[in-house]
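The entries follow the order in which I looked things up.

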Amino acid sequence: MTNALKAQLQGKVVVLKASVHKAAYAALPYRLFRVEGGFGTSPDTSGRAVFGVYLCDGEKARIDGYDIERFATEEEVVEHSRLHEGEQ
């Protein structure tokens, strides 16, 4: 299986499904994930592994491609960046 969006994901910010997180982390800011690589990042492969980093805390993780809900909007990414500007 490819990723749930059937699209090229590498370098994109996606929103993960709320159902794959504990309830305390189901809010949007905790589900923003920057895709870095993996066989599940391309619509033309049969892999499902997607590697990347959570925007909220910089934690690197492996997720399954079918745990992706949608692409993040530019507004969501900008808002996240604005809220976390002074933290780096």
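In which loop is G58 found? I located G58 in the loop between strand 3 and strand 4. I note here that the model is predicted.

**Entry: G58.** I looked up the accessibility of G58 and found a relative accessible area of 43%. G58 is therefore partly exposed, as this value lies between the limits of 20% and 50%. I then took the distance from G58 to T73, which is 15 residues away along the chain; their C-alpha atoms are separated by 19 Å.

**Entry: overall fold.** I counted two helices and five strands in the chain. Read from the N terminus, the elements follow the order β-α-β-β-β-β-α. The chain is as compact as a globular protein of its length, because its radius of gyration of 13 Å is close to the 12 Å that the globule rule gives for 88 residues. I recorded the span of the C-alpha trace along its principal axes as about 40 × 25 × 20 Å. Among contacts with a separation of 6 or more, 51% are made by residues 24 or more positions apart.

**Entry: surface and charge.** The chain exposes about 5400 Å², and carbon and sulfur atoms supply 53% of this area. I found 11 positive and 13 negative side chains. The centres of these two sets lie 6 Å apart.

**Entry: the interior.** I noted that 40% of the 88 residues count as buried. In soluble globular proteins, nonpolar side chains tend to be buried together.

Which residues form the largest nonpolar core? I listed 10 residues: L9, V14, L16, F33, V35, V50, Y54, A61, I63 and I68. At least two residues of this core come from each of strand 1 (13-16), strand 2 (32-37), strand 3 (49-54) and strand 4 (60-64). A second, separate core has six residues, including V13, V15, L32 and V77.

I examined I63, a member of the largest core, in more detail. Leaving out residues up to four places away in sequence, I63 touches L16, F33, R48, A49, V50, Y54 and I68.

**Entry: L28.** I placed L28 in helix 1. L28 has a relative accessibility of 25% and so counts as partly exposed. Beyond its neighbours within four places in sequence, L28 is in contact with V15, R70 and E76. V15 is 13 residues from L28 along the chain, and the C-alpha atoms of the two are separated by 7.5 Å. V15 is also listed in the second core.

**Entry: Y25.** I found Y25 in the loop between strand 1 and helix 1 (28-31). Is Y25 buried or partly exposed? Y25 counts as partly exposed, because its relative accessibility is 43%. Apart from its neighbours within four places in sequence, Y25 is in contact with Y30 and R31.

**Entry: K6.** K6 is not a glycine, yet its phi is positive, at about 50°. K6 counts as exposed, because its relative accessibility of 62% is over the 50% limit.

Definitions and conventions: Residues are numbered from 1 along each chain as its sequence is written. This is a predicted model: local features need pLDDT of at least 70, side-chain atom pairs count only at pLDDT 80 or more; totals for chains, interfaces and linings use all residues. Side-chain values use heavy atoms; hydrogens and water are left out. Helices (H or I, at least four residues) and strands (E, at least two) are DSSP runs, numbered from the N terminus. The radius of gyration is taken over C-alpha atoms; the globule rule is 2.2 Å times the number of residues to the power 0.38. Buried means under 20% relative accessible area, exposed over 50%, partly exposed in between (1.4 Å probe, protein chains only). Contact means heavy atoms within 4.5 Å. Accessible areas come from the Shrake-Rupley method with a 1.4 Å probe; for residues, only the protein chains shown count as cover. Lys and Arg count as positive and Asp and Glu as negative; His and the chain ends are not counted. The place of a charge is taken as NZ of Lys, CZ of Arg, CG of Asp or CD of Glu. A nonpolar core is a set of buried Ala, Val, Leu, Ile, Met, Phe, Trp, Tyr and Cys residues joined through side-chain atoms within 4.5 Å.
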